[in-house]
Amino acid sequence: MRRVLWAFALVLAGTAPTLAACNDDLLTISRWSIKPVDSHMNELSFTVRSSAGKGIRMLDAQLGFTDALGATIGPLEIDRDITIPAGGTFTGKRVWGPFTIERLLKINADDITAYTCVRAVIYDDGSKETFE
């Protein structure tokens, strides 16, 4: 079973999008927290702040975390249909099972850096911006 899970993790790592095609300044994570829901599930709460001069009505983005040694935890897709006012914030919650983010429960929060990756956005005025 461990070999199957390890192989699956390697496949996922090989297909994960790279951060090179991202805007990492448009959204920032202003706060986050994690708590166990039960022995198999964890709830991640997060608030993202927009630096856009226009409101956002749809986006293709993810958030994630890196530890002090550079290992990645996540990434997690942000709901595409969130709305964020110009310069405003959005708070979300996600529930995850094992092998995704549970490491955040164990690590000192001072050793974690949160990041965002925005690949595309549609603003309130209908304009679209893609980051490549």
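Thr66 has its bridge partner in strand β6, and that partner is Thr113. Keep in mind that this is a predicted model.

**The β3-β6 pairing**
- Strand β3 covers residues 56-67, and strand β6 covers residues 112-123.
- The two strands pair in the antiparallel sense, with eleven bridges between them.

**The sheet around them**
- β3 and β6 belong to an open sheet of four strands, and reading across it you get β4-β3-β6-β7.
- The pairing in this sheet is antiparallel.
- At the edges stand β4 (72-77) and β7 (128-130); each has a single partner strand, so one side of each has no neighbour in the sheet.
- Going from one strand to the next, the twist averages 25°.

**The disulfide**
- A disulfide is a covalent bond joining the sulfur atoms of two cysteines.
- Searching the whole structure turns up one disulfide.
- Its partners are Cys22 and Cys117, with their sulfur atoms 1.7 Å apart.
- The link of Cys22 and Cys117 is left-handed, with -50° about the S-S bond.

**Buried or exposed?**
- Cys22 has a relative accessible area of 17%, so it counts as buried, the cut-off being under 20%.
- Cys117 is buried too, with a relative accessible area of 0%.

Note on methods. Residues are numbered from 1 along each chain as its sequence is written. This is a predicted model: local features need pLDDT of at least 70, side-chain atom pairs count only at pLDDT 80 or more; totals for chains, interfaces and linings use all residues. Side-chain values use heavy atoms; hydrogens and water are left out. Two strands pair if DSSP finds at least two bridges between them. Axes are lines fitted to C-alpha atoms, for helices over the stretch in contact, and angles run from 0 to 180 degrees between N-to-C directions. A disulfide is a pair of cysteine sulfur atoms within 2.5 Å. Buried means under 20% relative accessible area, exposed over 50%, partly exposed in between (1.4 Å probe, protein chains only).
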